[in-house]
Amino acid sequence: MSFVPIRFEIGRPAAPWSLIGVLALLMLGLGRPAVAIEADKQTKACLRCHAMETIAYRDPVSREIVDLSIAPRLLPHSVHGELACTECHRKSYRRYPHPEEAERESFSCVGCHEDDSAEATYQLKTVESEYRQSVHVAPGAKHADRFNCHSCHDPHVFKVSRVGTDIAQVVRDGNQVCLSCHEKARDPQLGSHAWLPKRDAHWESVRCVDCHTPASAEPSRVSHQILTAEDSNRDCVACHSRDARLLNRLYQYRSEEDLARRGLFAKAIFNEAYIVGMSRSPLVDWISLLIIGLTLLVLTAHGLGRYLAYRRRRNR
Amino acid sequence: MKALYLYPGWLRIWHWVNALLFILLMVSGASMHYAGTPWLLAFETAVPIHNAAGILLTLGWIAFVIGNVRTDNGRYYRLRWRGLAGRLIEQSLYYARGIFRDAPHPFHVTAEAKFNTLQQLSYLGVMYGLMPLLILSGWSFLFSVYLPETLFGIGAVWVVAMTHLATSYALVLFVLVHLYIITTGETVLTNPLAMITGWHRERHTPSRDA
Amino acid sequence: MKNPIHTLSNARFSRLAIALAILLLVLAIGYKVVYPWAFQLYVGESSAILTYPNSQPLTDAEFETLSRELSEQARRERAAEIVGVDQADFAREVKIEMLMGTPSFVRESEPSHIKYFRDAGIRQYQGPKTCLRCHATTKVDHGDGRVTTVDTLDDIVNSVHFKFQSDADGFSTYGYDGRKVNAPGERRIPVGKINRACGIPGSFSWTGWAALVETRPEHAEGATVTRSEGCGQCHIGGNYYPATEKMMPIGDVPVDAKDGIDCLICHSAEYDMNQRYVMRDDIGPRWNQDRSLRAALSVGPVANRNCLNCHQHNMGGDAYLHNVAAKSLGEKNQRLLHKGAKRGNPFSPTDDLHAAANIQCTDCHVPEGHKIPRGRFGVDLVANDLPGKDVACEGCHSRAPHNQSEHKALLNGHIARLACETCHIRELQENNVVLRDWVHPTWDAEEGLWEPTDVYRSGKPGKGFTYLWFNGNGTFLANALGNNPNGSTDYNPLMRQMARIEDPEILAAVRAKAIELKRTYPDIDVDAYVTAATDPLSQLSPEMRERRRAMIRDNLTAAMNEGESRIYPFKLFNAMMFEDMGNQGPFGAMILPFDYASYYETGDTQASVIQAIRDPIVRRMYQQPFKLYMMDEFMSYFGVTEGWRTDYPLVDGKLKGVEPHWMRQMGALMINHGIQRQGHECKDCHAPDGLLDYAALGYEPERAAELMDLDVLQAAD
């Protein structure tokens with residue numbers, strides 16, 4: 001994957017009055033307000049070209065292919081699907097060919113969401129501070145200068161919670177984001193994950209970020225502080241038993257999705273959230289097996305004693 | 001020879017259904033807990049079996065409680081406090097010593113009391129102590145999202161998991177002991193047969209032994 | 001338990017063993033001797049040891065003279081390449097001469113095989129025998145890391161270049177009965193190509209392998225001139241008949257026939273196309289080839305000129321100005337040129353930008369041994385040696401090929417729906433044939449022969465070729481399959497684009513030609529002629545039309561909707577030929593071949609058909625074994641559900657149940673060469689009367705209107 005060469009500046013307020021307008025209108029419950037209809041029309045005009053699946057060009061500087069296509073079916077379902085394109089992009093983009101200066105735009109997720117209700121839900125400020133410590137923007141990191149929110153979260157597709165989607169699909173989608181750049185990780189021989197037992201099974205059921213982020217205070221939130229390979233969790237038991245917080249995060253997250261999708265009864269039967277080994281506790285296991293073993297020994301001895309006594313009686 | 005009809009049909013059915021569910025739960029539970037062990041079930045197979053059996057076990061347990069309340073079967077579980085300790089010691093001594101010397105059973109099954117005190121105590125503990133714990137922790141697993149995030153300052157899922165694990169082990173222990181103890185009737189097969197036919201038969205009358 | 005050694009020496013056992021050995025021997029002799037003999041008898045062919053007049057031994061002195069000459073020639077060519085052309089002629093000449101005398105340069109530029117032949121004592125080129133002395137095996141690089149070693153002769157004998165048919169799977173061709181041809185699980189039948197631009201289509205190459213035609217050109221003033229014609233001019237087998245044996249489930253090509261393989265036409269830089277003509281000996285006519293030591297000594301890597309010796313014939317055409325092979329028609333019995341072009345998209349530096357950049361054929365068609373890929377897309381039922389191997393623009397150009405235009409991103413955006421060729425083949429050669437009437441030939445005074453009448457030729461988009469959705473699948477009669485990705489149910493090229501011509505300009509041209517033909521053939525009803533030629537479905541009964549519609553819907557929809565279709569340009573072609581009406585279905589009837597000599601010489605097309613179908617192989621085709629072996633299966637793919645009817649259409653020397661007809665739809669031939677740098681302009685398509693008929697391509701009216709209106713794109717706010 002290549003990065004879209006647009007600058008992303010975290011924390012710079014952009015004060016999008018029109019966004020607030022749209023939200024306000026939506027909140028007033030006016031159905032499809034005029035603004036939204038106007039947005040639709042404008043989006044349609046942009047999509048005339050950008051809906052082309054192969055719209056792309058080779059960047060003369062990086063020599064990489066820059067994909068400009070937007071999936072028209074996914075856009076309306078994305079978090080930003082209601083917005084007109086120029087709510088985020090410069091107005092001058094409405095002309096074609098697009099004027100050169102239009103290319104130097106910058107976006108600010110946190111800036112937009114600073115004052116709105118989304119902040120309470122998504123805690124973008126926390127996200128920002130976590131992101132700043134992420135390995136992706138650490139000094140000296142490859143592409144650090146070009147890395148931004150959109151490197152992972154395609155703004156035209158991204159939606160927050162996909163309650164109702166198949167868990168495996170959620171995991172796949174989530175991991176696809178990482179693997180689209182970290183292609184080498186896929187290589188079964190070379191891969192940095194060669195150490196991980198049942199690697200593919202893990203990748204099918206655990207998100208990359210479950211191990212590559214620090215355990216956050218709230219179990220259901222995944223931190224945006226992506227860790228270096230060295231700092232990431234390599235400890236099997238951290239998930240597969242002891243660390244309650246990590247276990248909680250993983251299991252509760254999966255449980256929630258599962259419940260939403262399947263309903264109570266099916267959930268009860270299939271419980272997709274169960275994690276292999278989550279009930280493991282070496283101590284309990286050992287003590288219990290020891291007691292069971294001893295009991296078996298005692299019972300066997302007891303039975304033997306009864307048998308001997310019985311034979312003695314018979315002989316008499 | 002005496003014959004007592006101790007186990008009515010509903011109870012026998014319940015018992016054997018319960019037994020079957022226990023086997024299923026132990027096998028599938030072990031398969032989940034020790035997933036990846038070659039001779040156990042596949043994880044994906046074990047999960048629905050375990051969950052379905054668990055749900056049925058819950059229903060069975062509720063049926064058991066209701067059955068004991070509504071019929072006179074409940075009386076067997078009523079402890080007679082007077083002389084309890086004495087009877088316990090007597091019964092334990094029998095298992096530890098008398099049984100090898102062909103000593104008489106200190107307890108005689110009657111229509112009024114079919115469990116000896118030791119039996120009574122262990123059944124009480126299992127049915128009203130371990131089973132509810134097991135069932136509760138099992139259901140908590142399934143619907144953990146409705147639990148608080150922490151219990152006693154520890155992650156709720158972890159508490160649930162450990163409770164479920166510990167009670168499971170305890171119940172495995174119970175099953176093992178149970179399987180052995182039932183062979184200590186007048187003959188090895190006296191008790192198991194009784195649970196199949198409903199009739200408790202003893203060749204020796206208590207009077208002759210006494 | 002008996003001792004096993006004892007068992008072996010047991011008399012009864014040894015008798016059994018001897019009997020078994022004799023049986024095996026008989027079977028082996030039967031297979032190797034009796035079967036080939038019986039087979040040749042059955043198909044009415046015979047072969048003999050093949051000799052070539054130009055395969056002459058040289059003395060050592062002659063060899064050295066020739067070597068010197070070739071070496072100097074090669075050296076001079078290389079020197080000329082090295083010394084820049086930007087200097088004064090005289091200076092250049094001096095520098096070239098300096099290089100010519102430079103010892104290291106002399107060593108390096110000598111054709112490699114001079115030394116090999118000198119050391120091995122080879123003084124005569126005797127065809128494959130000579131090559132196989134060193135090249136008995138070939139290392140094959142499969143391109144995926146696998147390298148295998150194969151028997152060279154086997155490899156070439158089983159390649160499409162030699163046997164020109166295949167019964168392997170991997171066809172992307174669907175029968176009109178909805179079955180994929182030779183798919184796993186189906187009974188395999190040998191299929192080559194149904195080449196309808198030709199009067200001798202498909203397996204009828206038997207009847208037209210090599211022919212000598214007596215022509216009466218104007219300039220000869222009454223004298224006859226002998227010309228060569230036939231399929232064997234390109235197919236590399238040098239025998240008296242094609243590799244028929246390979247069509248059968250058992251048996252192999254005779255050893256003599258393998259000796260006729262023409263290695264040098266592909267491998268020699270000095271191959272003389274003037275040696276390629278038909279000669280006749282006691283057995284019959286066959287094709288001569290260049291077996292001179294000169295050609296053999298100049299073998300080297302296969303270059304474009306080698307491929308184009310034959311393939312320019314079906315790309316640019318024989319009449320194409322830059323067809324090099326067509327300039328050397330033979331030192332005698334000169335080959336006949338076909339004036340109308342099959343595709344009219346030449347691969348030559350003048351008309352194709354890859355050829356101009358000296359890109360080699362094998363750069364895209366990367367061979368594996370003697371198997372050469374033609375890509376995974378196949379619309380025309382052409383046998384494919386490497387069906388799984390891609391030949392695609394994207395292989396080199398990536399998915400973002402446009403780098404220069406202001407609209408580069410938009411242009412790249414079109415790739416999702418358009419093939420590169422759609423824009424970058426702006427037009428074909430103007431002699432590209434669209435409608436050809438074999439039944440009413442025209443006298444060509446200059447050549448002195450009757451030739452099929454090209455009723456309509458054009459190289460213009462929308463006329464000489466059209467645009468269709470294509471997902472790589474095709475039908476048994478070369479109809480491109482695909483569908484608008486919107487899942488349209490209106491897009492039905494087999495009832496529309498490939499079955500009807502509505503362009504008033506073409507209709508007028510066809511009418512004019514019909515009027516012209518009427519002068520020679522007074523029976524022609526001009527109106528009926530124009531209707532049949534431009535609306536071939538009008539020849540079907542209403543019931544047959546309905547059956548056709550239902551078969552397309554029921555049998556081809558899945559193949560059309562498969563994968564991702566894009567719009568490709570397709571050269572359209574239809575022909576009027578004699579058909580065996582006993583074997584007719586909604587998509588056409590079995591066409592009958594012509595005999596070349598009588599066709600060209602007399603113009604009596606009926607007599608020519610009679611002559612051709614007297615060929616034993618056609619008689620065999622109308623007999624039970626062939627019916628069971630392949631014709632029933634063939635007919636089912638062809639859309640004739642009742643099976644193959646074996647009523648031989650020649651009774652008492654007269655044609656029976658044979659009628660002249662236009663085939664029921666046009667064939668659509670892929671065009672991939674003749675690539676031009678400058679593609680079509682936006683306005684060429686995005687305009688109300690643009691090149692693409694969006695409605696016919698299955699777009700909703702609203703979307704079609706949008707696509708025709710380019711202004712929306714340029715609305716400045």
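Which residues of α2(B) are buried? They are B:A46, B:V47, B:H50, B:N51, B:A53, B:G54, B:L57 and B:G60. The model behind this report is predicted.

**Helix α2 of chain B**

Helix α2(B) covers residues 43–70 of chain B, 28 residues in all. At 1.5 Å a residue, the helix should span 40 Å. Its end C-alpha atoms lie 40 Å apart, so expectation and model agree. The buried set includes B:A46, B:H50 and B:A53. An α-helix has 3.6 residues a turn, so residues three or four places apart point the same way.

**Helix pairs in chain B**

Two packed helices are described by the angle between their axes and the distance between the axes.

| Pair | Axes come within | Crossing angle |
|---|---|---|
| α1(B) (residues 9–33) and α2(B) | 8 Å | roughly 150° |
| α4(B) (residues 117–142) and α5(B) (residues 156–181) | 9 Å | roughly 140° |

Take α1(B) and α2(B) first. They cross at roughly 150°. Angles over 145 degrees count as roughly antiparallel, and α1(B) and α2(B) are therefore roughly antiparallel to each other. The crossing is left-handed. The residues of the contact of α1(B) with α2(B) divide into 16 nonpolar, eight polar and no charged.

Now α4(B) and α5(B). Their axes cross at roughly 140°. That makes α4(B) oblique to α5(B). This crossing is left-handed. On the α4(B) side, the contact is made by B:V126, B:L130, B:L133, B:L134, B:S137, B:G138, B:S140 and B:F141. On the α5(B) side, B:V160, B:T163, B:H164, B:T167, B:S168, B:A170, B:L171 and B:F174 take part. The residues of this contact divide into nine nonpolar, seven polar and no charged.

Chain A has 13 helices and four strands. Buried residues make up 19% of its 316 residues. Among contacts in chain A with a separation of 6 or more, 61% join residues 24 or more positions apart.

How many residues of chain C are in contact with chain A? There are 18, and they meet 15 residues of chain A. On the chain C side, α17 (408–413) and α28 (711–714) each supply at least two residues. The largest share, five residues, comes from α17(C). The chain C side divides into eight nonpolar, six polar and four charged residues.

**Backbone exceptions**

Most residues other than glycine have a negative phi, and most peptide bonds are trans.

A:P97 is in the loop between α3 (85–88) and β4 (106–107) of chain A.

C:A478 is found in the loop between β11 (474–475) and α19 (504–520). Is C:A478 buried or exposed? C:A478 has 25 other C-beta atoms within 10 Å. The cut-off for buried is 20 or more, so C:A478 is buried.

C:D652 is in the loop between β14 (650–651) and β15 (654–655) of chain C. C:D652 has 5 other C-beta atoms within 10 Å. Exposed means 12 or fewer, so C:D652 is exposed.

Notes
Residues are numbered from 1 along each chain as its sequence is written. Chains are lettered from A and ligands numbered from 1 in the order in which they are written. This is a predicted model: local features need pLDDT of at least 70, side-chain atom pairs count only at pLDDT 80 or more; totals for chains, interfaces and linings use all residues. Two residues are in contact if their C-beta atoms, placed from the backbone, lie within 7 Å. The expected span of a helix is 1.5 Å times one less than its number of residues. Axes are lines fitted to C-alpha atoms, for helices over the stretch in contact, and angles run from 0 to 180 degrees between N-to-C directions. Angles under 35 degrees count as roughly parallel, over 145 as roughly antiparallel, 65 to 115 as roughly perpendicular and the rest as oblique. A crossing is left-handed if the near helix is turned anticlockwise from the far one by less than a right angle, and right-handed if clockwise. Ala, Val, Leu, Ile, Met, Phe, Trp, Tyr, Cys and Pro count as nonpolar, Asp, Glu, Lys and Arg as charged, and the others, Gly among them, as polar.
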